[in-house]
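Please keep the model in view while reading.

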Amino acid sequence: MTVADHRASLALPRARGFTLIEVVVALAILGTAGLMLFAWISQNLQTAVRLEQAQARAQLQIEGVRWLGLINPAREPQGEQTEGRLTLRWSSTLVEPVRHEFDYGGSMLPRWELGLYRVRARLQDGADGPVVEWEQSVTGWAPVGSSQRATASSPEPTPASGGRP
């Protein structure tokens, strides 16, 4: 046996497996992929929360627009109403001159004063719930000669009847 053969027989057999550098590189790649996945999931959760909040505000505004349709700004130019957890506050300004509506049934005397109002509304759900604010145009009406003040004897027209009592 030669010296070279002797050295070869004393050398340790080459181990199969991963080196330390290979393990470190693999962990770095895995960690980077994990961080990117976490960031993506976090962003999607934030987007979902924002969408839920926007949907709640939109539903609240739809409810407020319906509610505001029941208010006559000629009689109540500003005010506040509460229904359960919801609180509606509004203020209105006349944007068109008041016009008289004539009864087409034969009378030549006007029965109603009609005005177009710009209404600023704010609806809040509970003390710390979502809040929506918006503006919309609303028609206000009052009997002629009422000076836009409600009286017990004056009939209140309904929007469904086209402004007629």
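A residue is called buried under 20% relative accessible area, exposed over 50%, and partly exposed in between, with a 1.4 Å probe and protein chains only. This is a predicted model, in which local features need pLDDT of at least 70 and side-chain atom pairs count only at pLDDT 80 or more, while totals for chains, interfaces and linings use all residues. Residues are numbered from 1 along each chain as its sequence is written, and side-chain values use heavy atoms, with hydrogens and water left out.

Helices (H or I, at least four residues) and strands (E, at least two) are DSSP runs numbered from the N terminus. Helix 2 covers residues 20-68, and its 49 residues should span 72 Å, taking 1.5 Å times one less than the number of residues; the end C-alpha atoms lie 71 Å apart, which agrees. L60, G64, W67 and L68 are buried in this helix. The buried residues of helix 2 pack (heavy atoms within 4.5 Å) against strand 1 (78-83), strand 2 (86-94), strand 4 (110-125) and strand 5 (131-143).

Seven salt bridges occur in the structure, each a side-chain nitrogen of Lys or Arg within 4 Å of a carboxyl oxygen of Asp or Glu. One of them joins E63 and R66 at 3.9 Å, N to O; these residues are three apart in helix 2, and therefore about one helical turn separates them. E63 is partly exposed at 33%, whereas R66 is exposed at 56%. R89 and E80 meet at 3.0 Å, N to O, and E80 is partly exposed, with a relative accessible area of 48%.
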